[in-house]
Amino acid sequence: MSMAFFFQQLLNAVQLGSIYALIALGYTLVYGVLLLINFAHGDIFMAGAFIGYFVATFLVGHGVGWPWGFILTLLFSMAFTAMLGVGIERVAYRPLRTAPRLSVVVTALGVGLLLEHITLGALGASRRNLPPLLPETWKQPVEISILGENLNFTWLKVLIIVISLLLMIILQIIVRRTKAGMAMRAISYDKFAVPLMGVPVDRIIALTFILGSSLAAAAGVMYAVQYPVIEPYMGLLVGWQAFIAAVVGGIGDIRGAMVGGFILGFVQIFVVALGQFPALSFLSSTYRDLVAYALLLIILVVRPTGIFGVARRQKV
Amino acid sequence: MAQLLRRIKEFLGRIPLLAYLLGFLAATGVEIVAGQAFGLLIGLGGVPAFFGVTAALSRLNMDGGLGGLLLSIPSMLLYIVPALVYDVVIYGLPTLLVGRVLAKPVRWFTSTLPEWLTGLVHMVTLFLSMWVWGGLVGYRLLVVMYIGVNIIMASSLNLINGYMGEFSCGHAGFMAVGAYVSSLLTVWLFTQDDVFGAPVLGAGWSIILFPLILIVGGIAAGIAGLLVAFPSFKTRGDYLAIVTISVNFIIKSAIENIEKIGGPRGFMGMKGVLRTMTSVINVPWLLIWTFIGVLITLVVIHNFVSSTKGKGVVAIREDEIAAELMSVNTRHTKVLAFTISSFFAGVAGGLFAHVLGYINPSTFTIFKSTEALVMVYLGGMGSLTGSVLSAGIFTVAMEALRPLEVWKKVLVWLMLILLMMYRREGIMGGKELTDFISLERLGLRRPAKEVKGYAPAAD
Amino acid sequence: MPLLQINHLTHFFGGLRAVYDFNLNLEKGELIGLIGPNGAGKTTIFNLVTGAYRPSQGDIRLNGDSLVGLRPHQITAKGIGRTFQTIRLWNNLSVLDNIRIAQFAQIRYGVVDSILHTRRYRDEEKEIKKRSLELLEVFELRHLADEIVANLPYGQQREVEIVRALATKPRLLLLDEPAAGMNPGEIDTLLKLIQWIRKEFDLTIWIIEHQMRVIMGICERIKVIDFGETIAEGTPAEIQSNPRVLKAYLGEEGI
Ligand SMILES: Nc1ncnc2c1ncn2[C@@H]1O[C@H](COP(=O)(O)OP(=O)(O)OP(=O)(O)O)[C@@H](O)[C@H]1O
Ligand SMILES: [Mg+2]
């Protein structure tokens with residue numbers, strides 16, 4: 001494998017991985033606070049992409065171009081999706097807070113499928129393209145030469161990676177430096193003591209959904225810019241991959257979600273990339289998902305808590 | 001009003017099950033003779049396929065936006081009235097009338113015959129009424145078979161999610177294994193096919209081997225079930241849910257990657273198998289095997305969970321650690337439960353594939369698994385009769401609501417959420433139908449010998 | 001040979017040393033007590049003996065056979081029954097079912113037998129049911145056989161748990177704070193019951209208890225642990241006058 005090829009795939013992997021990581025963070029934040037696997041989160045990502053689509057269409061229609069068109073699309077989509085996330089928690093999860101955990105998991109599954117089919121019913125199954133928010137040149141491959149080898153990349157990929165990293169840093173600051181963020185971590189550390197200490201649990205949970213959903217929305221918009229298709233099933237296709245990333249990293253752990261996202265990005269990109277070599281041609285791109293799920297299964301069997309997760313021991 | 005309701009309940013309660021079945025059989029007879037004419041007369045345009053529900057809903061205008069939808073509601077309501085009249089006149093009245101008339105003789109009959117024979121008579125009558133009712137409109141027969149497939153799916157999933165209290169959400173994966181294995185076998189053995197060439201065995205073999213091949217499909221699915229059973233030793237709860245979901249995805253994805261059997265395009269030729277079978281003896285083979293498959297599933301699961309060995313499954317639900325410490329071999333029990341459950345999912349898959357005549361990997365996604373979940377939770381965890389009821393209701397509703405297109409699914413998931421919020425225990429609340437109406441009352445078991453000196457109230 | 005032989009049993013939970021170098025020789029027919037302050041490691045010892053945890057070090061032998069590494073149900077089948085500090089019955093099942101399931105290890109029929117209701121299945125199930133009802137009869141609980149366990153009052157649940165432990169056909173019975181939550185009258189009944197089942201079922205019994213009157217009343221020999229370590233051992237009288245015990249344990253209750 002030539003170095004150039006490797007670096008190129010590395011860039012692809014980091015870019016895909018950062019989108020996975022952003023979504024995975026949503027799964028992990030909610031799990032940390034509520035011990036709930038929010039199966040609806042993939043569809044929140046989908047909703048974020050659709051909201052971005054409508055905002056972008058509106059803005060572009062009114063002549064707002066680069067860079068404001070892109071920035072505003074990102075921000076509005078994050079805001080609206082955050083509202084959606086909080087709304088779902090209010091309506092569907094809060095009434096079940098004292099219910100058996102599995103009923104909440106079933107509800108989450110139901111909410112996800114509901115979102116998916118409402119979108120399908122209201123907007124149809126056809127794929128949509130995001131109107132152009134970026135200058136075309138950003139999507140054009142640029143060639144640079146490192147160590148005598150030619151390397152292709154697009155500025156768009158770089159932009160996605162930069163924005164993702166920026167968002168993750170902001171998240172870290174919120175979680176580590178603000179009072180609310182610390183309360184959030186405290187809840188995920190000890191579910192029972194914190195409410196006793198006067199922390200407004202409802203508000204913290206709302207904050208969790210705001211953070212998770214807006215990150216998913218950002219991922220949705222960037223995904224839509226990069227691969228320019230938006231469809232109701234993208235929550236199922238992409239969201240589940242991100243979920244795998246969260247579990248691989250150790251669901252409930254913020255670092256885990258990021259690392260898991262990048263691991264999955266690498267694995268998938270390189271499975272496809274290796275398939276380009278004649279000797280490995282059986283690794284067609286359709287193996288991508290198979291490999292991802294096999295990875296998940298192996299992790300769950302060998303180390304169910306993922307890379308960073310800590311086992312919760314059962315007392316006898 | 002309450003008085004009236006009580007009277008109605010009393011009246012209905014006095015009719016044994018067999019009399020109802022015979023009544024319904026009579027009603028289908030009435031429909032064959034008079035359904036078409038009556039339907040035309042009251043403006044339904046013929047025999048409605050599903051009690052008029054589908055036809056009524058198809059009056060809704062789904063493509064004209066909200067305005068169009070609202071405007072079309074009166075036309076739907078207008079259709080409902082004659083549909084109700086039809087249902088009462090063609091089904092309701094004959095069933096009740098014949099049921100009432102036959103109540104006494106049937107009671108006498110069931111109290112003299114040995115129980116197994118009574119059971120058999122019930123089964124045959126049920127089968128006949130399904131066949132006759134379904135035969136009138138070909139599409140109905142299809143739905144009846146779907147109901148059967150869904151009963152097998154729901155009750156086998158109930159073993160895991162209801163009795164064992166685990167959360168499996170990958171049942172469709174095992175269904176896929178059964179569907180593919182059995183379809184490949186039947187198509188290879190009994191039909192001329194692009195992939196496999198000429199039939200391997202003579203047509204006569206098809207009717208003998210068909211049920212065995214369904215079992216082989218089930219066994220393959222049962223083996224796939226080990227993919228979930230082994231991880232379940234270490235993980236449980238939502239983590240195990242993830243395992244089941246990923247197994248579902250892996251199975252689907254694996255099938256998609258096998259080009260030989262059609263990959264993502266799917267596999268067909270099962271209609272040919274059916275033609276081969278009917279060319280030997282012309283009976284509704286699939287209906288027969290679905291019916292028998294349902295019976296076997298219910299008997300096996302019921303007998304298993306009511307044995308001391310099978311109750312280990314319930315002990316795991318109640319307290320797994322205590323179960324293990326109180327001598328229950330929990331690993332063994334889990335393997336058994338998962339294998340039995342996925343075995344029947346595989347059998348359901350085999351039946352499903354042959355009913356549909358065509359399968360493709362995207363039929364067996366997490367959507368299908370979640371549908372099975374909906375049926376289990378609707379009927380109630382740990383209730384087999386609940387699963388039977390809910391599979392029936394769910395399947396018919398899905399067919400009847402077809403005109404709603406995608407919105408039908410929206411209703412399904414909404415119902416799942418509402419169930420979780422307001423009635424977690426489902427229709428039956430963890431009880432069996434027989435906890436409400438005794439087998440004696442239904443006429444399925446002979447009443448206990450009367451004690452001397454005790455005069456039963458006059459009927 | 002002692003019935004139960006524990007050598008150098010040690011157990012860590014992560015960095016926490018819950019049990020350290022615990023030794024015991026339990027002769028057949030003995031009735032001994034294990035006491036110690038809260039968190040001393042008593043329940044952990046029971047959990048180690050019954051296989052719920054695997055010991056970090058040490059050896060546990062029943063009739064000379066090592067139990068280390070066996071799964072809990074295998075250990076139970078070898079003849080160790082137990083109750084739990086907080087009742088762990090199968091709550092939504094009937095009393096009878098709770099007792100039936102505890103005889104899981106005695107089942108010889110296979111799944112196929114249970115599905116086809118073969119003669120073998122029917123015979124064994126009949127036997128299991130008969131034995132369950134007999135056990136309940138002995139404890140005057142038979143009339144509650146079809147009652148759902150969760151609906152029983154606390155005291156009866158405790159009794160059902162003991163019956164369930166007996167249903168596993170133990171030679172050694174471990175009782176973890178059987179008198180917890182009982183009033184003095186109930187405790188007296190319990191003590192009689194324990195002595196009676198010991199004779200009736202030919203049992204060796206090992207009790208963890210906080211209530212002194214239980215321990216001092218019936219135990220022939222007592223072991224005292226604190227922070228996982230054995231600090232005293234002897235007859236009730238010896239223990240009562242042992243200064244270390246007084247300091248660690250009785251002192252806590254305020255002499
Ligand atoms: N599963 C576990 N994981 C981690 N620590 C545990 C676990 N079980 C017990 N411990 C700890 O081990 C120590 C001994 O606990 P154990 O339950 O054996 O005490 P005990 O003597 O039974 O106390 P009590 O009288 O309160 O029942 C305690 O510090 C407890 O917190
Ligand atoms: Mg204890």
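**View 1. Polar contacts of ligand 1.** A polar side-chain atom of C:E177 lies 3.5 Å from an oxygen atom of ligand 1 in this predicted model. For C:Y53, a polar side-chain atom is 3.0 Å from a nitrogen atom of ligand 1. The backbone also takes part: an N or O atom of C:A40 lies 3.1 Å from an oxygen atom of the ligand. A polar contact here is a pair of N or O atoms within 3.5 Å.

View 2. Ligand 1 is placed between chains A and C. Of the 15 residues around ligand 1, those that come nearest are C:G39, C:K42, C:T43, C:T44 and C:Q85. A residue is near the ligand if one of its heavy atoms lies within 4 Å of it.

**View 3. Packing of helix 9 of chain A with helix 10 of chain B.** Helix 9 (residues 234–249) of chain A packs with helix 10 (residues 238–256) of chain B at an angle of about 135 degrees, and their axes are 12 Å apart. Helices are DSSP runs (H or I, at least four residues), numbered from the N terminus. Axes are lines fitted to C-alpha atoms over the stretch in contact, and angles run from 0 to 180 degrees between N-to-C directions.

**View 4. Residues where the two helices meet.** A:W240, A:F243 and A:V247 of helix 9 of chain A are in contact (heavy atoms within 4.5 Å) with B:Y239, B:I242, B:I245 and B:F249 of helix 10 of chain B.

**Conventions.** Residues are numbered from 1 along each chain as its sequence is written, chains are lettered from A and ligands numbered from 1 in the order in which they are written. In this predicted model, local features need pLDDT of at least 70 and side-chain atom pairs count only at pLDDT 80 or more, while totals for chains, interfaces and linings use all residues; side-chain values use heavy atoms, with hydrogens and water left out.

Technical notes: A polar contact is a pair of N or O atoms within 3.5 Å; within protein, one must be able to donate a hydrogen and the other to accept it, and residues adjacent in sequence count only if both atoms are side-chain atoms.
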